[in-house]
Amino acid sequence: MNKGLFILLEGANGVGKSTHLSLLAANLQEAGYNNVITCRDPGSTPIGEYLRILLSEEKLNCTTQLFLFMAARLELVNNLIIPALERGQIVLCDRFSPSTFVYQGQNFSDELISSLDLLARGENFRRAKPELVFFLDGQNIKSEGMQTPESQNIIKRYYTYYQRVLCEG
C-alpha cells in the first residue's frame, strides 16, 4: 500500500484558506507532484456538498449542526481521503477536526466532540490524521470581517485549541 500525505489548512472564515490551498496545490504540481488533490470539510463528496449547503442555508440547532458536520466528515474520510492516501496521493484539505473543536466547542465538551470525531473517522482514525497542519491566523488581515469581535473570538479559540493540542503532545 502506498502512503500518501494528508495536509490540513485551518483558520477562521476569511483568512485565505481556500486561496492558500489552491496556491499550495499549484506549487506542488509545478514542482512535479502530479498526485495532489484538494478537498474541504464539509464537502467534496456529493453528500458532503449537500450537507454543506444545508448547514449554510438553514437555521439549525447546534446539535443538528454537530451531527451534520460529522456525517459530512464520515463521507469525506471514507470516500475521498482514505482512498487518495492509499493511492499515494497528497491530500490538501480546507478544514477538518480542529474547526469542529473550535466552532462547535462553544456548545459541546471536547470529550463529546472527540468521541463523535472518532466515530466519524471510524476504523480510519489513525490514517485520517493530518501529518502537517497550517494554521492561518489572519492577524495581518485588515478587512472589516476579520476585525469583528466574533472573528477575533474564533481566532482566540483556535490559539487555545492549538496550545492545548501542542502541549499535550
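Predicted model: local features only at pLDDT ≥ 70, side-chain atom pairs only at ≥ 80, totals over all residues.
In which loop is the place of arginine 95?

1. **Arginine 95.** Arginine 95 is placed in the loop between S3 and H4. Its phi is positive, at about 75°, although arginine 95 is not a glycine. The relative accessibility of arginine 95 is 15%, and a residue counts as buried under 20%, so arginine 95 is classed as buried.

2. **Overall arrangement.** The protein chain contains 6 helices and 4 strands. Followed along the sequence, these elements give the pattern β-α-β-α-α-β-α-α-β-α. The chain has 169 residues, and 42% of them count as buried. Among contacts between residues at least 6 apart in sequence, 75% join residues at least 24 apart. The chain exposes about 9,500 Å², of which carbon and sulfur atoms supply 54%.

3. **Strand S1 and its partners.** Strand S1 is mostly covered, with 6 of its 7 residues buried. S1 pairs with S3 in the parallel sense over 5 bridges. In this pairing, leucine 9 stands opposite aspartate 94 in S3. S1 is also joined by 5 bridges to strand S4 (residues 132-136), and these two strands run parallel. Here glycine 11 stands opposite leucine 136 in S4. As a general point for the reader inspecting these strands, in a regular strand the side chains alternate between the two faces of the sheet.

4. **The largest nonpolar core.** This core has 25 residues, and the members that touch the most other members are Ala12, Leu92 and Tyr158. Two or more residues each are given to this core by strand S1 (5-11), helix H1 (17-30), helix H3 (62-86), strand S3 (90-94), helix H4 (97-103), helix H5 (110-121) and helix H6 (149-168). The largest share, 5 residues, comes from H6. A second, separate core has 14 residues, including Cys39, Val91, Cys93 and Phe96.

5. **Tyrosine 158.** Which residues does tyrosine 158 contact, leaving aside its neighbours within four places in sequence? They are Glu10, Gly11, Ala12, Arg95, Pro98, Ser99, Val102, Tyr103 and Phe135. One of these contacts, Arg95, is the residue with which this note began.

6. **Helix H2.** Helix H2 (residues 46-57) has 12 residues and spans 17 Å from its first C-alpha to its last, close to the 16 Å expected at 1.5 Å a residue. Its buried residues are Gly48, Leu51 and Leu55. These residues lie on the same side of H2 because they cover an arc of only 65° around the axis. They pack against H3. On the face turned away from the buried side, H2 carries the exposed residues Pro46, Tyr50, Ser56 and Glu57.

7. **The loop between S2 and H2.** Proline 42 lies in the loop between strand S2 (36-40) and H2. The peptide bond from aspartate 41 to proline 42 is cis, with omega near 5°. Serine 44 also has its place in the loop between S2 and H2. Serine 44 is not a glycine, yet it has a positive phi of about 70°.

8. **Glutamine 104.** Is glutamine 104 buried or exposed? Glutamine 104 has a relative accessible area of 9%, which means that this residue is buried. It is found in the loop between H4 and H5. Not counting residues up to four places away in sequence, glutamine 104 touches Gln65, Leu66, Phe69, Ser99 and Ile113.

9. **Alanine 128.** Alanine 128 is found in the loop between H5 and S4. Its relative accessibility is 0%, so alanine 128 counts as buried. Apart from residues up to four places away in sequence, alanine 128 touches Phe6, Val77, Ile82, Phe96 and Arg121. Along the chain, alanine 128 and leucine 76 are 52 residues apart, while their C-alpha atoms are separated by 9.9 Å.

Terms used. Residues numbered from 1 in each chain as written. Heavy atoms only, no water. Core = buried A, V, L, I, M, F, W, Y, C linked by side-chain atoms within 4.5 Å. Buried < 20%, exposed > 50% of the residue type's maximum accessible area, 1.4 Å probe, protein only. Contact = heavy atoms within 4.5 Å. Expected span 1.5 Å × (residues − 1). Arc of directions from axis to C-beta. Areas by Shrake-Rupley, 256 points an atom, 1.4 Å probe, with all protein chains shown as cover. Pairing = 2+ DSSP bridges.
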